[in-house]
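Hi everyone, thanks for coming.

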Amino acid sequence: MDRAPRSVSRDSFASTLGAFTATVGSAIGLGNIWKFPYLTGRDGGAAFVLTYLLAVALVALPVMVVEHAIGRRMRLDAVRAYGKVVPGQPWWSLVGWAGFASAVLIMAFYTDVAGWVFAYVAKSTVAAAQGQTLGADTFGALAGGTWEPLLWQAGVLVLVTAIIAAGVSGGIEKATKLLMPVLFLLLVVCVVRALTLPGAMAGVDYLFRPDLSKLSGTVLLSALGLAFFKLSLGMGTMTTYGSYLPDRVRIVPNAARVALADTAISLLAGLAIFPALFAFGGTPAGGPGLLFVTIPLVFSKMPLGGLFTIVFFVLASIATIGAMVSIAEVPVAWLVEKGRVRRPVAAALTGGAMFALGITATLSQSPVLADVKVFGKTLFDLYDFASSNVLLPVGGLAIAIVGGWLVSRSDFLAELAKGAGGVPWYGRAILFFVRWVAPVFIVLILLSSLGLLGG
Ligand code: PHE
(Lines give C-alpha, C1' and ligand atoms only; values in the text may rest on other atoms or scores of the structure.)
Protein backbone atom coordinates (compact mmCIF):
# COMPACT_ATOMS: atom_id res chain seq x y z
CA MET A 1 0.00 0.00 0.00
CA ASP A 2 2.69 2.43 -0.94
CA ARG A 3 0.77 4.73 -3.20
CA ALA A 4 -1.95 7.16 -2.56
CA PRO A 5 -2.91 8.35 -6.01
CA ARG A 6 -5.41 11.16 -6.29
CA SER A 7 -7.48 12.48 -9.10
CA VAL A 8 -8.95 15.91 -8.84
CA SER A 9 -12.44 15.00 -9.90
CA ARG A 10 -13.12 12.60 -7.04
CA ASP A 11 -15.92 13.23 -4.65
CA SER A 12 -15.36 13.35 -0.95
CA PHE A 13 -17.51 13.70 2.13
CA ALA A 14 -17.40 17.27 3.31
CA SER A 15 -17.14 16.80 7.07
CA THR A 16 -16.47 14.28 9.79
CA LEU A 17 -20.17 14.23 10.61
CA GLY A 18 -21.01 13.83 6.93
CA ALA A 19 -18.64 10.87 6.69
CA PHE A 20 -20.32 9.28 9.68
CA THR A 21 -23.87 9.82 8.46
CA ALA A 22 -23.08 8.65 4.94
CA THR A 23 -21.62 5.42 6.28
CA VAL A 24 -24.54 4.98 8.64
CA GLY A 25 -26.88 5.71 5.74
CA SER A 26 -25.35 2.78 3.86
CA ALA A 27 -25.45 0.49 6.88
CA ILE A 28 -28.99 1.19 8.05
CA GLY A 29 -31.64 -0.22 5.80
CA LEU A 30 -33.75 -3.29 5.33
CA GLY A 31 -31.07 -5.30 7.09
CA ASN A 32 -32.09 -3.73 10.41
CA ILE A 33 -35.83 -3.60 10.23
CA TRP A 34 -36.61 -6.49 7.92
CA LYS A 35 -33.76 -9.00 7.81
CA PHE A 36 -32.51 -8.91 11.40
CA PRO A 37 -35.94 -9.69 12.93
CA TYR A 38 -36.83 -12.25 10.30
CA LEU A 39 -33.55 -14.16 10.60
CA THR A 40 -33.71 -13.97 14.40
CA GLY A 41 -37.16 -15.53 14.25
CA ARG A 42 -36.03 -18.20 11.83
CA ASP A 43 -32.63 -19.06 13.26
CA GLY A 44 -33.12 -19.49 16.97
CA GLY A 45 -33.87 -16.19 18.74
CA ALA A 46 -31.43 -15.04 21.40
CA ALA A 47 -28.71 -17.57 20.45
CA PHE A 48 -28.72 -16.03 16.97
CA VAL A 49 -28.72 -12.48 18.37
CA LEU A 50 -25.74 -13.25 20.61
CA THR A 51 -23.77 -14.77 17.73
CA TYR A 52 -24.63 -11.81 15.57
CA LEU A 53 -23.37 -9.32 18.18
CA LEU A 54 -20.12 -11.26 18.53
CA ALA A 55 -19.73 -11.38 14.76
CA VAL A 56 -20.12 -7.60 14.56
CA ALA A 57 -17.54 -6.92 17.27
CA LEU A 58 -14.94 -9.57 16.44
CA VAL A 59 -15.17 -9.88 12.67
CA ALA A 60 -17.16 -7.11 11.00
CA LEU A 61 -15.65 -4.16 12.82
CA PRO A 62 -12.04 -5.09 11.95
CA VAL A 63 -13.06 -5.67 8.33
CA MET A 64 -14.74 -2.26 8.20
CA VAL A 65 -11.55 -0.65 9.47
CA VAL A 66 -9.54 -2.35 6.72
CA GLU A 67 -12.03 -1.36 4.02
CA HIS A 68 -11.96 2.27 5.10
CA ALA A 69 -8.17 2.26 5.42
CA ILE A 70 -7.58 0.72 1.99
CA GLY A 71 -10.25 2.89 0.37
CA ARG A 72 -8.84 6.11 1.77
CA ARG A 73 -5.25 5.12 1.07
CA MET A 74 -5.92 4.24 -2.55
CA ARG A 75 -8.69 6.76 -3.33
CA LEU A 76 -9.96 4.51 -6.12
CA ASP A 77 -13.06 2.47 -6.89
CA ALA A 78 -13.04 -0.96 -5.22
CA VAL A 79 -11.87 -2.98 -8.24
CA ARG A 80 -8.81 -0.83 -8.83
CA ALA A 81 -8.15 -0.27 -5.13
CA TYR A 82 -7.74 -4.03 -4.50
CA GLY A 83 -5.99 -4.54 -7.83
CA LYS A 84 -3.29 -2.06 -6.86
CA VAL A 85 -3.06 -2.21 -3.10
CA VAL A 86 -0.57 -5.10 -3.01
CA PRO A 87 2.26 -4.31 -5.43
CA GLY A 88 2.76 -7.14 -7.94
CA GLN A 89 -0.47 -8.93 -6.96
CA PRO A 90 -3.15 -7.51 -9.27
CA TRP A 91 -5.40 -10.53 -8.79
CA TRP A 92 -6.81 -9.06 -5.58
CA SER A 93 -9.00 -6.98 -7.89
CA LEU A 94 -11.13 -10.14 -7.78
CA VAL A 95 -12.41 -8.83 -4.44
CA GLY A 96 -13.87 -5.88 -6.32
CA TRP A 97 -15.26 -8.06 -9.10
CA ALA A 98 -16.92 -10.34 -6.56
CA GLY A 99 -18.33 -7.13 -5.08
CA PHE A 100 -19.92 -6.43 -8.46
CA ALA A 101 -21.61 -9.81 -8.38
CA SER A 102 -22.73 -9.27 -4.80
CA ALA A 103 -24.15 -5.86 -5.66
CA VAL A 104 -26.32 -7.27 -8.44
CA LEU A 105 -27.41 -10.32 -6.42
CA ILE A 106 -28.28 -8.24 -3.37
CA MET A 107 -30.20 -5.67 -5.35
CA ALA A 108 -32.21 -8.41 -7.05
CA PHE A 109 -34.00 -9.29 -3.81
CA TYR A 110 -33.44 -6.01 -1.97
CA THR A 111 -35.47 -4.05 -4.52
CA ASP A 112 -38.28 -6.61 -4.24
CA VAL A 113 -38.48 -6.02 -0.47
CA ALA A 114 -38.02 -2.26 -0.88
CA GLY A 115 -40.95 -2.41 -3.31
CA TRP A 116 -43.07 -3.98 -0.55
CA VAL A 117 -42.06 -1.13 1.79
CA PHE A 118 -43.07 1.52 -0.77
CA ALA A 119 -46.30 -0.35 -1.49
CA TYR A 120 -47.06 -0.32 2.22
CA VAL A 121 -46.77 3.46 2.27
CA ALA A 122 -49.47 3.63 -0.39
CA LYS A 123 -51.63 0.88 1.08
CA SER A 124 -51.55 2.20 4.63
CA THR A 125 -52.39 5.69 3.36
CA VAL A 126 -55.39 4.39 1.43
CA ALA A 127 -56.51 2.30 4.40
CA ALA A 128 -56.19 5.26 6.78
CA ALA A 129 -58.16 7.49 4.41
CA GLN A 130 -60.97 4.94 4.57
CA GLY A 131 -60.74 4.75 8.34
CA GLN A 132 -59.46 1.18 8.19
CA THR A 133 -56.30 -0.75 9.06
CA LEU A 134 -54.36 -3.01 6.74
CA GLY A 135 -55.95 -6.44 6.40
CA ALA A 136 -54.08 -9.54 7.54
CA ASP A 137 -53.89 -10.82 3.96
CA THR A 138 -52.23 -7.64 2.62
CA PHE A 139 -48.71 -9.05 2.64
CA GLY A 140 -49.52 -12.41 1.07
CA ALA A 141 -51.50 -10.79 -1.73
CA LEU A 142 -48.73 -8.28 -2.47
CA ALA A 143 -45.61 -10.44 -2.28
CA GLY A 144 -47.27 -13.44 -3.91
CA GLY A 145 -48.60 -11.40 -6.82
CA THR A 146 -46.94 -10.92 -10.20
CA TRP A 147 -47.47 -7.51 -11.78
CA GLU A 148 -48.00 -5.61 -8.59
CA PRO A 149 -44.67 -6.42 -6.88
CA LEU A 150 -42.86 -6.12 -10.23
CA LEU A 151 -44.22 -2.62 -10.77
CA TRP A 152 -43.19 -1.52 -7.29
CA GLN A 153 -39.75 -3.02 -7.83
CA ALA A 154 -39.39 -1.25 -11.16
CA GLY A 155 -40.47 1.99 -9.52
CA VAL A 156 -37.88 1.61 -6.79
CA LEU A 157 -35.15 0.96 -9.35
CA VAL A 158 -36.15 3.93 -11.47
CA LEU A 159 -35.96 6.12 -8.38
CA VAL A 160 -32.55 4.79 -7.33
CA THR A 161 -31.21 5.04 -10.88
CA ALA A 162 -32.45 8.63 -11.15
CA ILE A 163 -30.82 9.59 -7.86
CA ILE A 164 -27.50 8.08 -8.90
CA ALA A 165 -27.71 9.53 -12.41
CA ALA A 166 -28.28 13.00 -11.03
CA GLY A 167 -25.42 12.50 -8.63
CA VAL A 168 -27.63 13.83 -5.86
CA SER A 169 -26.67 11.21 -3.34
CA GLY A 170 -25.46 14.18 -1.27
CA GLY A 171 -29.09 15.16 -0.96
CA ILE A 172 -29.92 11.68 0.22
CA GLU A 173 -27.23 11.93 2.85
CA LYS A 174 -28.71 15.18 4.05
CA ALA A 175 -32.18 13.68 4.19
CA THR A 176 -30.81 10.65 6.00
CA LYS A 177 -29.08 12.83 8.55
CA LEU A 178 -32.40 14.43 9.35
CA LEU A 179 -34.62 11.40 9.13
CA MET A 180 -32.53 8.76 10.88
CA PRO A 181 -33.17 10.37 14.27
CA VAL A 182 -36.88 10.39 13.41
CA LEU A 183 -36.73 6.71 12.50
CA PHE A 184 -34.96 6.11 15.79
CA LEU A 185 -37.65 7.94 17.77
CA LEU A 186 -40.45 6.18 15.97
CA LEU A 187 -38.85 2.85 16.69
CA VAL A 188 -38.69 3.83 20.35
CA VAL A 189 -42.44 4.57 20.23
CA CYS A 190 -43.03 1.10 18.73
CA VAL A 191 -40.83 -0.48 21.37
CA VAL A 192 -42.70 1.23 24.22
CA ARG A 193 -46.03 0.18 22.74
CA ALA A 194 -44.88 -3.39 22.19
CA LEU A 195 -43.32 -3.74 25.65
CA THR A 196 -46.44 -2.55 27.42
CA LEU A 197 -48.68 -5.13 25.78
CA PRO A 198 -49.75 -7.99 28.07
CA GLY A 199 -47.48 -11.00 27.53
CA ALA A 200 -44.73 -8.89 25.98
CA MET A 201 -41.95 -10.24 28.19
CA ALA A 202 -41.97 -13.56 26.36
CA GLY A 203 -40.69 -11.62 23.35
CA VAL A 204 -37.91 -10.00 25.35
CA ASP A 205 -36.87 -13.43 26.64
CA TYR A 206 -36.94 -14.73 23.09
CA LEU A 207 -34.51 -11.99 22.02
CA PHE A 208 -32.15 -11.97 24.98
CA ARG A 209 -32.19 -15.34 26.77
CA PRO A 210 -30.08 -17.58 24.58
CA ASP A 211 -30.70 -21.28 24.24
CA LEU A 212 -27.27 -22.34 23.03
CA SER A 213 -28.55 -25.70 21.85
CA LYS A 214 -30.04 -23.76 18.93
CA LEU A 215 -26.55 -23.02 17.57
CA SER A 216 -25.36 -24.90 14.51
CA GLY A 217 -22.96 -24.25 11.67
CA THR A 218 -25.84 -22.95 9.58
CA VAL A 219 -26.96 -20.55 12.29
CA LEU A 220 -23.40 -19.28 12.83
CA LEU A 221 -23.01 -18.63 9.12
CA SER A 222 -26.37 -16.88 8.95
CA ALA A 223 -25.32 -14.54 11.82
CA LEU A 224 -21.93 -13.87 10.24
CA GLY A 225 -23.53 -13.22 6.85
CA LEU A 226 -25.96 -10.79 8.47
CA ALA A 227 -23.11 -8.93 10.19
CA PHE A 228 -21.44 -8.40 6.79
CA PHE A 229 -24.70 -7.49 5.07
CA LYS A 230 -25.74 -5.13 7.84
CA LEU A 231 -22.51 -3.17 7.85
CA SER A 232 -22.24 -3.22 4.04
CA LEU A 233 -18.98 -5.17 4.16
CA GLY A 234 -17.10 -7.72 2.09
CA MET A 235 -18.03 -6.31 -1.33
CA GLY A 236 -16.27 -2.99 -1.62
CA THR A 237 -19.06 -0.63 -0.59
CA MET A 238 -17.17 0.49 2.49
CA THR A 239 -13.93 0.60 0.50
CA THR A 240 -15.59 2.95 -1.96
CA TYR A 241 -16.97 5.06 0.89
CA GLY A 242 -13.54 4.93 2.53
CA SER A 243 -12.14 6.48 -0.65
CA TYR A 244 -14.39 9.46 0.01
CA LEU A 245 -13.35 9.82 3.68
CA PRO A 246 -11.51 13.04 4.50
CA ASP A 247 -8.07 12.60 6.07
CA ARG A 248 -9.10 14.06 9.39
CA VAL A 249 -11.62 11.28 10.09
CA ARG A 250 -10.29 8.80 12.65
CA ILE A 251 -11.17 5.50 11.05
CA VAL A 252 -11.57 3.30 14.10
CA PRO A 253 -13.84 5.52 16.22
CA ASN A 254 -15.90 6.31 13.13
CA ALA A 255 -16.34 2.60 12.34
CA ALA A 256 -17.14 1.79 15.97
CA ARG A 257 -19.84 4.47 16.06
CA VAL A 258 -21.35 3.20 12.83
CA ALA A 259 -21.45 -0.36 14.18
CA LEU A 260 -23.04 0.82 17.44
CA ALA A 261 -25.71 2.95 15.78
CA ASP A 262 -26.53 0.19 13.34
CA THR A 263 -26.76 -2.45 16.05
CA ALA A 264 -28.94 -0.19 18.19
CA ILE A 265 -31.43 0.22 15.35
CA SER A 266 -31.51 -3.54 14.75
CA LEU A 267 -32.11 -4.32 18.41
CA LEU A 268 -34.85 -1.69 18.60
CA ALA A 269 -36.55 -3.25 15.59
CA GLY A 270 -36.35 -6.62 17.35
CA LEU A 271 -37.79 -5.10 20.52
CA ALA A 272 -40.64 -3.58 18.55
CA ILE A 273 -41.49 -6.80 16.78
CA PHE A 274 -40.99 -9.81 19.07
CA PRO A 275 -42.80 -8.63 22.22
CA ALA A 276 -45.78 -7.67 20.06
CA LEU A 277 -45.62 -10.93 18.21
CA PHE A 278 -45.72 -12.97 21.40
CA ALA A 279 -48.43 -10.75 22.87
CA PHE A 280 -50.64 -11.43 19.85
CA GLY A 281 -49.82 -15.12 19.79
CA GLY A 282 -47.94 -14.99 16.48
CA THR A 283 -45.07 -17.22 15.44
CA PRO A 284 -41.48 -15.93 15.27
CA ALA A 285 -40.76 -18.00 12.19
CA GLY A 286 -42.90 -15.68 10.08
CA GLY A 287 -40.29 -15.51 7.32
CA PRO A 288 -39.74 -12.48 5.08
CA GLY A 289 -43.25 -11.21 5.83
CA LEU A 290 -42.62 -10.80 9.58
CA LEU A 291 -42.15 -7.02 9.54
CA PHE A 292 -45.03 -6.42 7.16
CA VAL A 293 -47.49 -8.38 9.24
CA THR A 294 -46.37 -7.37 12.73
CA ILE A 295 -45.86 -3.61 12.45
CA PRO A 296 -49.37 -2.78 11.17
CA LEU A 297 -50.74 -5.10 13.86
CA VAL A 298 -48.80 -3.33 16.65
CA PHE A 299 -49.93 0.07 15.48
CA SER A 300 -53.55 -1.00 14.97
CA LYS A 301 -53.75 -1.39 18.75
CA MET A 302 -52.94 2.22 19.53
CA PRO A 303 -54.44 5.66 19.02
CA LEU A 304 -53.42 7.24 15.70
CA GLY A 305 -52.07 3.82 14.72
CA GLY A 306 -52.96 4.35 11.07
CA LEU A 307 -50.87 7.48 10.95
CA PHE A 308 -47.93 5.82 12.72
CA THR A 309 -48.03 2.96 10.23
CA ILE A 310 -47.72 5.40 7.36
CA VAL A 311 -44.88 7.30 9.02
CA PHE A 312 -43.06 4.06 9.84
CA PHE A 313 -43.07 2.86 6.24
CA VAL A 314 -42.16 6.30 4.88
CA LEU A 315 -39.07 6.32 7.09
CA ALA A 316 -38.29 2.74 6.18
CA SER A 317 -38.47 3.65 2.47
CA ILE A 318 -36.00 6.46 3.01
CA ALA A 319 -33.66 4.12 4.87
CA THR A 320 -33.76 1.68 1.95
CA ILE A 321 -32.72 4.39 -0.52
CA GLY A 322 -29.46 5.28 1.28
CA ALA A 323 -28.55 1.59 1.39
CA MET A 324 -29.46 0.93 -2.27
CA VAL A 325 -27.51 3.93 -3.51
CA SER A 326 -24.45 2.63 -1.65
CA ILE A 327 -24.81 -0.88 -3.08
CA ALA A 328 -25.06 0.45 -6.62
CA GLU A 329 -22.09 2.75 -6.01
CA VAL A 330 -19.68 -0.20 -6.35
CA PRO A 331 -20.39 -0.88 -10.04
CA VAL A 332 -21.20 2.75 -10.81
CA ALA A 333 -17.92 4.10 -9.39
CA TRP A 334 -15.97 1.62 -11.50
CA LEU A 335 -17.93 2.31 -14.68
CA VAL A 336 -17.48 6.05 -14.25
CA GLU A 337 -13.84 6.12 -13.13
CA LYS A 338 -12.35 3.26 -15.08
CA GLY A 339 -14.87 2.65 -17.85
CA ARG A 340 -15.12 6.41 -18.45
CA VAL A 341 -18.85 6.01 -18.89
CA ARG A 342 -21.00 9.03 -18.08
CA ARG A 343 -22.73 8.81 -14.71
CA PRO A 344 -26.31 8.57 -16.03
CA VAL A 345 -25.29 5.79 -18.43
CA ALA A 346 -23.51 3.94 -15.65
CA ALA A 347 -26.60 4.29 -13.46
CA ALA A 348 -28.90 3.02 -16.22
CA LEU A 349 -26.66 0.02 -17.02
CA THR A 350 -26.44 -0.93 -13.38
CA GLY A 351 -30.16 -0.43 -12.76
CA GLY A 352 -31.00 -2.51 -15.85
CA ALA A 353 -28.84 -5.44 -14.79
CA MET A 354 -30.36 -5.30 -11.32
CA PHE A 355 -33.88 -5.30 -12.68
CA ALA A 356 -33.18 -8.21 -15.03
CA LEU A 357 -32.14 -10.41 -12.15
CA GLY A 358 -34.62 -8.77 -9.80
CA ILE A 359 -37.58 -9.97 -11.88
CA THR A 360 -36.61 -13.57 -11.23
CA ALA A 361 -36.30 -12.94 -7.47
CA THR A 362 -39.69 -11.27 -7.31
CA LEU A 363 -41.48 -13.88 -9.40
CA SER A 364 -39.97 -16.66 -7.28
CA GLN A 365 -42.33 -15.42 -4.52
CA SER A 366 -45.31 -15.88 -6.81
CA PRO A 367 -46.70 -19.04 -8.43
CA VAL A 368 -44.85 -18.18 -11.67
CA LEU A 369 -41.39 -19.20 -10.44
CA ALA A 370 -42.14 -20.58 -6.97
CA ASP A 371 -41.30 -24.10 -8.08
CA VAL A 372 -37.90 -23.24 -9.46
CA LYS A 373 -35.54 -24.37 -6.72
CA VAL A 374 -31.75 -24.38 -6.77
CA PHE A 375 -30.08 -26.27 -3.89
CA GLY A 376 -33.58 -26.46 -2.40
CA LYS A 377 -33.94 -22.68 -2.34
CA THR A 378 -36.21 -20.29 -4.21
CA LEU A 379 -34.31 -17.80 -6.39
CA PHE A 380 -35.03 -15.06 -3.84
CA ASP A 381 -33.41 -17.12 -1.07
CA LEU A 382 -30.63 -18.28 -3.36
CA TYR A 383 -29.50 -14.74 -4.23
CA ASP A 384 -29.65 -13.79 -0.57
CA PHE A 385 -27.69 -16.87 0.50
CA ALA A 386 -25.11 -16.63 -2.28
CA SER A 387 -24.38 -12.99 -1.46
CA SER A 388 -24.68 -12.74 2.33
CA ASN A 389 -23.51 -16.20 3.30
CA VAL A 390 -20.93 -16.90 0.61
CA LEU A 391 -19.61 -13.89 -1.30
CA LEU A 392 -19.55 -11.36 1.56
CA PRO A 393 -17.80 -13.59 4.15
CA VAL A 394 -15.31 -14.86 1.57
CA GLY A 395 -14.75 -11.28 0.40
CA GLY A 396 -14.32 -10.25 4.03
CA LEU A 397 -11.74 -12.99 4.53
CA ALA A 398 -9.77 -11.82 1.50
CA ILE A 399 -9.96 -8.22 2.71
CA ALA A 400 -8.69 -9.18 6.19
CA ILE A 401 -5.81 -11.11 4.63
CA VAL A 402 -4.88 -8.21 2.38
CA GLY A 403 -5.15 -5.64 5.18
CA GLY A 404 -3.53 -7.75 7.88
CA TRP A 405 -0.80 -9.63 6.03
CA LEU A 406 -0.05 -8.17 2.62
CA VAL A 407 -0.21 -4.46 3.15
CA SER A 408 2.74 -3.15 5.13
CA ARG A 409 2.08 -2.83 8.81
CA SER A 410 3.34 0.74 8.94
CA ASP A 411 1.10 1.81 6.05
CA PHE A 412 -1.91 0.30 7.77
CA LEU A 413 -1.11 1.93 11.11
CA ALA A 414 -0.37 5.24 9.37
CA GLU A 415 -3.91 5.26 8.02
CA LEU A 416 -5.28 4.69 11.55
CA ALA A 417 -3.07 7.49 12.84
CA LYS A 418 -4.59 10.13 10.56
CA GLY A 419 -6.68 12.60 12.51
CA ALA A 420 -5.39 11.11 15.76
CA GLY A 421 -2.01 12.82 15.81
CA GLY A 422 -0.05 9.54 15.98
CA VAL A 423 -0.68 5.81 16.02
CA PRO A 424 -3.52 5.38 18.53
CA TRP A 425 -3.12 3.04 21.51
CA TYR A 426 -5.58 0.55 20.06
CA GLY A 427 -3.78 0.37 16.68
CA ARG A 428 -1.93 -2.85 17.43
CA ALA A 429 -4.99 -4.48 18.96
CA ILE A 430 -6.95 -3.75 15.80
CA LEU A 431 -4.15 -5.21 13.72
CA PHE A 432 -4.29 -8.38 15.82
CA PHE A 433 -8.03 -8.66 15.16
CA VAL A 434 -7.50 -8.09 11.45
CA ARG A 435 -4.69 -10.66 11.23
CA TRP A 436 -5.98 -13.41 13.45
CA VAL A 437 -9.39 -13.07 15.00
CA ALA A 438 -11.47 -12.10 11.96
CA PRO A 439 -9.94 -14.58 9.47
CA VAL A 440 -9.92 -17.48 11.93
CA PHE A 441 -13.59 -16.96 12.81
CA ILE A 442 -14.62 -16.63 9.18
CA VAL A 443 -12.81 -19.82 8.22
CA LEU A 444 -14.15 -21.76 11.21
CA ILE A 445 -17.71 -20.64 10.54
CA LEU A 446 -17.50 -21.44 6.82
CA LEU A 447 -16.14 -24.90 7.64
CA SER A 448 -18.72 -25.60 10.31
CA SER A 449 -21.55 -24.57 8.01
CA LEU A 450 -20.28 -27.14 5.53
CA GLY A 451 -20.54 -29.73 8.30
CA LEU A 452 -16.75 -30.15 8.35
CA LEU A 453 -16.35 -29.51 12.07
CA GLY A 454 -18.76 -32.16 13.19
CA GLY A 455 -21.75 -29.93 13.66
N1 PHE B 1 -26.39 -2.57 4.97
C2 PHE B 1 -27.54 -2.44 4.13
C3 PHE B 1 -28.80 -2.76 4.92
O4 PHE B 1 -28.77 -3.15 6.03
C5 PHE B 1 -27.46 -3.34 2.92
C6 PHE B 1 -26.17 -3.28 2.18
C7 PHE B 1 -25.46 -4.44 1.94
C8 PHE B 1 -25.66 -2.06 1.72
C9 PHE B 1 -24.24 -4.42 1.27
C10 PHE B 1 -24.44 -2.03 1.04
C11 PHE B 1 -23.74 -3.20 0.81
O12 PHE B 1 -29.87 -2.61 4.44
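Predicted model: local features only at pLDDT ≥ 70, side-chain atom pairs only at ≥ 80, totals over all residues.

Residues are numbered from 1 along each chain as its sequence is written, and side-chain values use heavy atoms, with hydrogens and water left out.

When I say helix, I mean a DSSP run of H or I with at least four residues, numbered from the N terminus. Okay, find Thr-51, which sits in helix α3, residues 46–74. Is Thr-51 buried or exposed? Thr-51 is buried, at a relative accessible area of 11%; buried means under 20%, exposed over 50%, and partly exposed in between, using a 1.4 Å probe and protein chains only. Who does Thr-51 touch, leaving aside neighbours within four places in sequence? Thr-51 is in contact (heavy atoms within 4.5 Å) with Leu-215, Leu-220 and Ala-223. Its side chain also reaches the backbone oxygen of Ala-47, at 2.6 Å.

Staying with α3, look at how α3 packs against helix α16, residues 379–406: the angle is about 65° and the axes are 9 Å apart. Those axes are lines fitted to C-alpha atoms over the stretch in contact, and angles run from 0 to 180 degrees between N-to-C directions. At that meeting, α3 brings Val-63, Val-66, Glu-67 and Ile-70, and α16 brings Gly-396, Ile-399, Val-402 and Gly-403.

Next, helix α5, residues 93–129. Of its 37 residues, 26 are buried, so α5 is largely enclosed by the rest of the structure. Where does α5 bend? At Met-107, by about 30°; a bend is the angle between axes fitted to the seven residues ending there and the seven starting there. After α5 comes Gly-131, with a positive phi near 70°.

Last one: helix α18, residues 427–449. There's a kink of about 40° here, centred on Phe-433. Its buried residues include Ile-430, Leu-431, Val-434, Val-437 and Ala-438.

Notes:
Helix = DSSP H or I, 4+ residues; strand = E, 2+ residues; numbered from the N terminus. Polar contact = N/O pair within 3.5 Å; in protein donor to acceptor, adjacent residues only side chain to side chain. Expected span 1.5 Å × (residues − 1).
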